[in-house]
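Please look over the sequence and the model before reading on.

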Amino acid sequence: MKIFKNIAGIFVILLGGLWMLQGSNIITGSPMSDNMEWLVIGAMLVIFGIGLLYQNNRPTARLH
């Protein structure tokens, strides 16, 4: 399950990055290009993916 969450987190970060680049018109040729809405949605996806990776890989506290 941990591997799946890591793969999902990386995929979400990459997808969000792509949407941010399209929304900021760095990648053109799409209906999403130069649309601020996709820039914001992409940024939220990147933040979510980073949070998913952090939550999945943070060290757990052990009680002795």
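Helices here are DSSP runs of H or I with at least four residues, numbered from the N terminus. The model is a predicted one.

**The chain as a whole**

The secondary structure consists of two helices and zero strands. The radius of gyration of the protein chain is 15 Å, well over the 11 Å that the globule rule gives for 64 residues, so the chain is more spread out than a compact globule. Its C-alpha trace spans about 55 × 15 × 15 Å along the principal axes.

Of the 64 residues, 20% count as buried. The accessible surface of the chain is about 5,000 Å², and carbon and sulfur atoms account for 71% of that area. Among contacts between residues at least 6 apart in sequence, 51% join residues at least 24 apart.

Helix α1 covers residues 2-23, and Gln22 lies in it. Lys5 also has its place in helix α1.

Is Gln22 buried or exposed? Its relative accessible area is 12%, under the 20% cut-off, so Gln22 counts as buried. Leaving aside neighbours within four places in sequence, Gln22 is in contact with Ile27, Ser30, Met32, Ser33 and Asp34.

Lys5 has a relative accessible area of 30%, which lies between the 20% and 50% cut-offs and therefore makes Lys5 partly exposed. Not counting residues up to four places away in sequence, Lys5 touches Leu52, Leu53 and Asn56. Lys5 and Arg62 are 57 residues apart in sequence, and their C-alpha atoms are 22 Å apart in space.

**Two residues of the loop**

Asn25 is placed in the loop between α1 and α2, where α2 is residues 36-57. Asp34 lies in the loop between α1 and α2 as well.

Most residues other than glycine have a negative phi. Asn25 has a positive phi, near 65°, and Asp34 has a positive phi near 60°. Asp34 is also one of the residues in contact with Gln22.

The relative accessible area of Asp34 is 58%, over the 50% cut-off, so Asp34 counts as exposed. Asn25, at 34%, is partly exposed.

**Accessibility of the residues described**

| Residue | Relative accessible area | Class |
|---|---|---|
| Lys5 | 30% | partly exposed |
| Gln22 | 12% | buried |
| Asn25 | 34% | partly exposed |
| Asp34 | 58% | exposed |

Key:
Residues are numbered from 1 along each chain as its sequence is written. This is a predicted model: local features need pLDDT of at least 70, side-chain atom pairs count only at pLDDT 80 or more; totals for chains, interfaces and linings use all residues. Side-chain values use heavy atoms; hydrogens and water are left out. Buried means under 20% relative accessible area, exposed over 50%, partly exposed in between (1.4 Å probe, protein chains only). Contact means heavy atoms within 4.5 Å. The radius of gyration is taken over C-alpha atoms; the globule rule is 2.2 Å times the number of residues to the power 0.38. Accessible areas come from the Shrake-Rupley method with a 1.4 Å probe; for residues, only the protein chains shown count as cover.
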